[in-house]
Amino acid sequence: MKVVIEPDYNAISRRAAQIVSRRISEKPDSVLGLATGSTPELLYHMLTEEYRKGRLDFSRTTTFNLDEYVGLGPAHEQSYRCYMNNKFFNHINIPPNNTNVPDGLSHDIPAY
């Protein structure tokens, strides 16, 4: 594991965006594990800007999020799926079926 120390939130977000951008550019079919919450928001914004400028293509990338609220559907404003769509997925060219967020409405949570 490589630990990177940066002086502040903006710098670490920039560094993370550079790392992710480089990876996707080198391996367009990369698989990313993504987080929700306020910490990665600037990262997602920076990656979106790279896409808008034509420097990044997410069309072959696959993503996985690890959590979702039990009982919330993907359209619920408090769901992580809704969060990811609003903060990132809806602003880039990633195919919806390449984005994986757990199903909060699964009828058998332990099996799911």
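Leaving out residues up to four places away in sequence, Glu68 touches Ser79, Tyr80, Arg81, Val101, Pro102 and Gly104, where contact denotes heavy atoms within 4.5 Å. The model is a predicted one, in which local features need pLDDT of at least 70 and side-chain atom pairs count only at pLDDT 80 or more, whereas totals for chains, interfaces and linings use all residues. Residues are numbered from 1 along each chain as its sequence is written, and side-chain values use heavy atoms, with hydrogens and water left out.

Glu68 lies in the loop between β2 (62-65) and α3 (80-87), helices (H or I, at least four residues) and strands (E, at least two) being DSSP runs numbered from the N terminus. Glu68 is buried but has no salt bridge, and the nearest side chain of opposite charge, that of Arg81, is 6.3 Å away; buried means under 20% relative accessible area (1.4 Å probe, protein chains only), and a salt bridge requires a side-chain nitrogen of Lys or Arg within 4 Å of a carboxyl oxygen of Asp or Glu. A polar atom of the Glu68 side chain lies 2.8 Å from the backbone nitrogen of Tyr80, and the backbone nitrogen of Arg81 lies 3.0 Å from a polar atom of the Glu68 side chain.

Arg81 is also among the residues touched by Phe89, which include Leu34, Met84 and Val101, with residues up to four places away in sequence not counted. Ser13, located in helix α1 (residues 9-26), counts as buried because its relative accessibility is 4%. Apart from neighbours within four places in sequence, Ser13 is in contact with Leu42, Leu43 and Met46.

Notes. Buried < 20%, exposed > 50% of the residue type's maximum accessible area, 1.4 Å probe, protein only. Lys, Arg positive; Asp, Glu negative; His and termini not counted. Polar contact = N/O pair within 3.5 Å; in protein donor to acceptor, adjacent residues only side chain to side chain.
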